[in-house]
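Subject: Structure handover

Hello,

Please find the structure below, with the sequence. My notes on it follow.

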Amino acid sequence: MDALSQLLALAQGEIRLDTRCALSGSFILPHEPLPPGQAVFHLVLDGRCRVQSLPGTFLDLSPGSFVLLPQGQAHTLSGMNAGAGQAASRVTQEQPVDALLPVTRTADADGDGEVDLLCGRLLYSQSGSTLLMQQLPSVLQVCLHQTPGIDALRTLTQLLRHEVSARQPGAWAIANALAQALLAYAMRAYGEGESSDAPQPSWLALIADERLCASLQAMLADPQHPWTLDTLGAAAAMSRATYARRFKDASGMTPGAALLAVRMMHASKLMLQTRRTLADIAEAVGYQSEAAFGKAFRHALGSTPGQWRKSRANA
């Protein structure tokens, strides 16, 4: 399994499709920040609009644009002609009898509106995927219709549009699985430099570097191994110093920090999906004692393994 697939499998994030938006005119739609452990995304099915997550910084979105805000930060969606200082638009929300998702409409939207959006969240507070999301760009934007495999992506988007437009058996499961696939496409495209901006240091830029990715795959495949800069550098066919420098430049992390994150994601998954003891899990992810594992886990995720496991079991 490739590195991105392994990271997404370890992350265990849950996709939630929230609404379909039919928007027209010079609309302004502010979005409040989400609770910790939630990311927000928008997929443009048709039309053009803008998203602003920082004052004075706008991203133009067109059909096929996918934007993910990993930290769920406050942002504003607006029409291309919306003016500065314009008041927030009045919207209504309805639940069509024959559709899977509620539809949010601006007051002047007619039918599907000029802009057709799918909006949703990625929930990750219940898993170790916090460690993945923390090291993603603050705003991840790609145009999926400009990436390789355009025919497959168009088919995927059309299927997603179809599933949310009609209530059929299995529609919810199918739509969420398709949204998960689109998320993986977007992450791959961003890491390969197919966004509107140069990729920021992140897991995704690391994965896109074939030699550095080889060392990440080694960590993911065998978190129990006593990895060192020398052995990881060898996996990447680089000297220790060159490897450490290039890894930090690409990912924004040291190799040691990445190894810690990988081990804690593995440990989180084992704690959620098995009844293995903490001592067994500690050994499985490369720690010689439960105490050492507990210290590392607390450093990475802010609580002891026992507290973390109990809180997820009771959620």
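Which residues does Ser-202 touch, not counting residues up to four places away in sequence? They are Gln-135, Leu-136, Pro-137, Ala-250 and Ser-251, where contact means heavy atoms within 4.5 Å.

Before the rest, the ground rules. This is a predicted model, in which local features need pLDDT of at least 70 and side-chain atom pairs count only at pLDDT 80 or more, while totals for chains, interfaces and linings use all residues. Residues are numbered from 1 along each chain as its sequence is written, and side-chain values use heavy atoms, with hydrogens and water left out.

Ser-202 sits in the loop between helix H4 (171-191) and helix H5 (203-208). Helices (H or I, at least four residues) and strands (E, at least two) are DSSP runs, numbered from the N terminus. Ser-202 has a relative accessible area of 0% and is therefore buried; the term means under 20% relative accessible area, with exposed over 50% and partly exposed in between (1.4 Å probe, protein chains only).

Ala-237 counts as exposed because its relative accessibility is 56%. Its phi is positive, about 55°, although Ala-237 is not a glycine.

The seven-stranded sheet

An open sheet of seven strands runs in the order E8-E9-E1-E10-E3-E6-E11, with mixed pairing. Two strands pair if DSSP finds at least two bridges between them. At the edges are strand E8 (91-94) and strand E11 (140-143), each of which pairs on one side only. Neighbouring strands of this sheet are turned against each other by 20° on average, direction ignored. Axes here are lines fitted to C-alpha atoms, for helices over the stretch in contact, and angles run from 0 to 180 degrees between N-to-C directions.

E8 is joined to strand E9 (residues 103-106) by four bridges, and the two run antiparallel. In this pair, Gln-93 stands opposite Thr-104 in E9.

E3 has eight of its nine residues buried, so this strand is largely enclosed by the rest of the structure. E3 and E10 run antiparallel and are joined by eight bridges; Cys-119 in E10 is the bridge partner of His-42. E3 and E6 are also antiparallel, with four bridges, and Phe-66 in E6 is the bridge partner of Leu-43.

H4 lies across strand E1 (14-23), strand E3 (38-46), strand E6 (65-69), strand E10 (115-123) and E11, and runs at about 90° to E1.

Where in this sheet is Leu-68? Leu-68 belongs to strand E6. Leu-68 is buried, with a relative accessible area of 1%. Leaving aside neighbours within four places in sequence, the contacts of Leu-68 include Ala-39, Val-40, Phe-41, Met-133, Leu-183 and Met-187. Leu-68 and Val-142 are 74 residues apart in sequence but 9.1 Å apart in space, C-alpha to C-alpha.

The four-stranded sheet

Another open sheet has four strands in the order E2-E7-E4-E5, with antiparallel pairing. Strand E2 (28-31) and strand E5 (57-61) are at the edges with a single partner strand each, so one side of each is left without a neighbour in the sheet. From one strand to the next, the twist averages 20°. Four bridges connect E2 with strand E7 (residues 75-78) in the antiparallel sense, and His-31 stands opposite His-75 in E7.

The cavity

How many cavities of 30 Å³ or more are there? The count comes to one, and the largest cavity has a volume of about 60 Å³. On a 1 Å grid over the protein atoms alone, a cavity is a set of points where a 1.4 Å probe fits but cannot get out, and lining residues have an atom within 4 Å of a point. Grid points are joined across faces, edges and corners, and a volume is the space filled by probe spheres set on the points.

Among the residues lining the largest cavity are Leu-8, Gln-12, Tyr-124, Met-133, Gln-180, Leu-183 and Met-187. Helix H1 (3-11), helix H2 (130-133) and H4 each supply at least two lining residues, and H4 gives the most, with three.

Regards

Terms used
1 Å grid on protein atoms, 1.4 Å probe; cavity = no way out; pocket = protein on both sides within 12 Å on 5 of 7 lines; lining within 4 Å.
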